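Please have a look at the model first, and then I will go through the contact step by step.

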2 protein chains.
Amino acid sequence: MSNPYQYAKANQERFLDEYQELLRIRTISTQPQHAKDVARAAEWLKAMMLRIGMDRAEVILMPAGRCPLVLGEWDGAGEGAPTILIYCHYDVQPAEVADGWDTEPFEPTLKDGRLYCRGAVDSKLHVMSNLKAVESWLASDVKPNVNIKMVLEGEEESGSENINAFIAAHPERLAADIAMISDGAILAPDQPSLTYGLRGVTAFELHVSAPVSDLHSGHWGGSVHNPIQALCEILAQLHDENGAVAVPGFYDDVAEVTAQDRALLEEVEPYLQAEWDAVVSAPALWGERDYILPERLGARPTLEINGIHGGYTGAGMKTVLPARAFAKITCRLVPRQDPARVLDCIVEHIKSITPKTVQVDFQFGGMGAEAVLLDVEGLAMQSAAEAYAYAWGVEPVFERAGGSVPITFECMKVAKEVVIMSYGLKSGRAHGPNENIYLQNFYNGIQATIKFIDLVGQGRP
Amino acid sequence: MSNPYQYAKANQERFLDEYQELLRIRTISTQPQHAKDVARAAEWLKAMMLRIGMDRAEVILMPAGRCPLVLGEWDGAGEGAPTILIYCHYDVQPAEVADGWDTEPFEPTLKDGRLYCRGAVDSKLHVMSNLKAVESWLASDVKPNVNIKMVLEGEEESGSENINAFIAAHPERLAADIAMISDGAILAPDQPSLTYGLRGVTAFELHVSAPVSDLHSGHWGGSVHNPIQALCEILAQLHDENGAVAVPGFYDDVAEVTAQDRALLEEVEPYLQAEWDAVVSAPALWGERDYILPERLGARPTLEINGIHGGYTGAGMKTVLPARAFAKITCRLVPRQDPARVLDCIVEHIKSITPKTVQVDFQFGGMGAEAVLLDVEGLAMQSAAEAYAYAWGVEPVFERAGGSVPITFECMKVAKEVVIMSYGLKSGRAHGPNENIYLQNFYNGIQATIKFIDLVGQGRP
């Protein structure tokens, strides 16, 4: 074959077969009974890496013995050439027909141009798009001008407990000029998008207590500050009437939205608004008034109550005045916010507004991740943009994602530049029943990765 | 035997044996597997009624076939004499050693002057005190000047679903001049108390929803009004900074605390404060500033959040932005407040403060009971006061209870006067592990009921 683009197109049918073969393996990392499926997939991926011509491939067991990493390397471009690290994960969320699937969740089913299967979009799509792009390069007459590392994680869906430690212990194994994180979704089938910012996160629990034990609300109601009420009173003071977080110091270090951000994000707004209408569909939009939707979702920090519980919540009535109530809270953070400092501000504020009739306690899960802002002008991002334009025929838009992709932060430690390339769709029901992709996105993704490798190897655009 | 007081004292040992025999029957009305125990106790009580000389006794099956009423009558005082209706319940709450009992929960255990057993205070104490008082009258040379009806309920602990309908369908069966409800607790072993007011109750659930389904809080946080937050914001607006309910109209019909109330309740205050310190033990007292503790607990209405739930409340973190959250709320009501009108005020207020970013829904359990205020100056209450003074050697104080005793309201439909006579102690751990009584209270209770029958028969004080 003369070039990788042609090779990929000529082999689409086989690529789809192999993709489906991987989809059938139940790589559910959260369920110990599937540990051997995960291990089997790891061996399958290692064999695939060797078969497509990578120089080395290894299944690296993690400390718990389950859900290994698969690491492959091809260094045929030589010592002077740049190195691309491609990250994907091959484990998936659980899935049962009873969850609402119209088909067998682990049997790939093609229908109306879509492929339905658990893992179809999250994230075996990315595993296979990239493996097949590398294969297309290594099988063609021209070879890439970049060395390639691929790391396939096996426990992304169960908390990525071990990969960070592995990277920290062996930074040289993953060291690269450019790390390409391949996971996630683009805005629409015909509108690719590139994420240049990710929010960080920090978490805590707030516990409010008053009486020493649960009381009869008839006997004691009116004489004791109900912990549920006190908790609500505290939580109600954490936002102002404009939807902003009302914690002194919370916004102190926030990197303001720039004119460039506004210009980029205004392009995304109609897509996000359409998605909001379809997915959220709340009675009305809410949030910080001075910011457009993509900014509220990606460029502004939040304080979100993820859970609350107190007293009796079963059927019927129980006239209890509970001893305690609690809420689970996370904050999404933006660049320059330090998770620990944000928590300090919140704790200080809550203590200052807590009435003397109740006691508050905090629990910290130790979880904290800083926000990430990637360089839109760099070689990696510009190459990715051109790769999308080539594969989709449409220029991508740039967005800032509301969630966190913790591996991004880790990759920034071992690579000079990081880019996130997603081939799934937000409407692909990742984690839900009837997970699916537009099959064309699989083929587009292969072309995009081929082009990305091409452009990085040429040191342009 | 010459008189009932002496008879009761002479038979204390046997009375205790019989009380313990009843305690051993597991009359757990909430657990269907104990239906036959409840039925056995009903037959035991019917036989006891006939043995002690009542004219008639009947086990009356309830519609569900479980947990019958036991109804006994003695009309030896003749047609012109007044009739006393004595109400007690013989069913109990569940109990397991694993709940924290130091002894077998259904094996009566005497220790340091206390008798430990499930039902010891709630309410076989009252069943047996009254049966043995009636026996003492019927076995003595002098006979009571009152006709006596006793109704023993078998499903008070499981919701009293059927007794109201029975009373409504057969008002003549329970018709009386004075209904004596024998249940509950006095203030201290050496301080009897009479409850002259009971709060009413009404209940509802408030549901707040915004997005159509649970969302990823990273992806959508900042653009949608979190239903937990909105619920907290609404609930935080239901009280003002002085601990009063901030719902327009809520206090409109409230019967104000009178000078007589204040004088009576000031006597109770030290006992209640001591109990608050021991049982509630919150960081500080809370509630309406202008009212003393016994008023807050008995004479003022409340709005209490009994339960709240939304989002993820398990271990670890789940970054969910939930579709909905809800709270379970009850109001304790005081005389002249209409449960339906109070609910209307609350619903109207909540709707008026609900932002357009969320939707609220209400669920009503159909539960509503008006408050009760009993006549302190009437024959029943004054006879009860003198009966306590005779049996305990101490004048009782008058209190208003925070809880509801729904049967009171029903009894007011069939009796001219209602009085509540309690022989248990608030520290007797009703519903909890190691439920117990001061054994002396059992003997005092028998004497008090004998005296009460005596005084009502004499038409004095």
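This is a predicted model: local features need pLDDT of at least 70, side-chain atom pairs count only at pLDDT 80 or more; totals for chains, interfaces and linings use all residues.

What the two chains do have is polar contact, with 31 residue pairs counted between chain B and chain A, both partners at pLDDT 80 or more. On the side of chain B that touches chain A, strand E12, residues 302–311, supplies the largest share, namely 9 residues, and that side as a whole divides into 33 nonpolar, 29 polar and 10 charged residues.

Staying with this strand, E12 of chain A, again residues 302–311, pairs with E12 of chain B in the antiparallel sense, over 5 bridges. To give one of the partners, A:Gly307 is bridged to B:Gly311.

How much area is buried between chain B and chain A? The figure is about 5600 Å², and carbon and sulfur atoms give 62% of it. Within chain B, the residues that lose the most area to chain A are B:Trp220, B:Trp286 and B:Ile308, which together account for 12% of what that side buries. In terms of residues, the contact takes 72 from chain B and 72 from chain A.

Finally, the symmetry: chain B can be laid on chain A by a turn of 180° and a shift of 0.1 Å along the axis, with an RMSD of 0.1 Å, and that is the relation of a two-fold axis. Because 100% of the interface residues of chain B are also interface residues in chain A, the copies meet through the same surface.

Notes:
Residues are numbered from 1 along each chain as its sequence is written. Chains are lettered from A and ligands numbered from 1 in the order in which they are written. Side-chain values use heavy atoms; hydrogens and water are left out. Contact means heavy atoms within 4.5 Å. Buried area is the accessible area (1.4 Å probe) that two parts lose on being put together, summed over both. A polar contact is a pair of N or O atoms within 3.5 Å; within protein, one must be able to donate a hydrogen and the other to accept it, and residues adjacent in sequence count only if both atoms are side-chain atoms. Helices (H or I, at least four residues) and strands (E, at least two) are DSSP runs, numbered from the N terminus. Ala, Val, Leu, Ile, Met, Phe, Trp, Tyr, Cys and Pro count as nonpolar, Asp, Glu, Lys and Arg as charged, and the others, Gly among them, as polar. Two strands pair if DSSP finds at least two bridges between them. Copies are superposed by least squares on the C-alpha atoms of residues with pLDDT of at least 70 in both.
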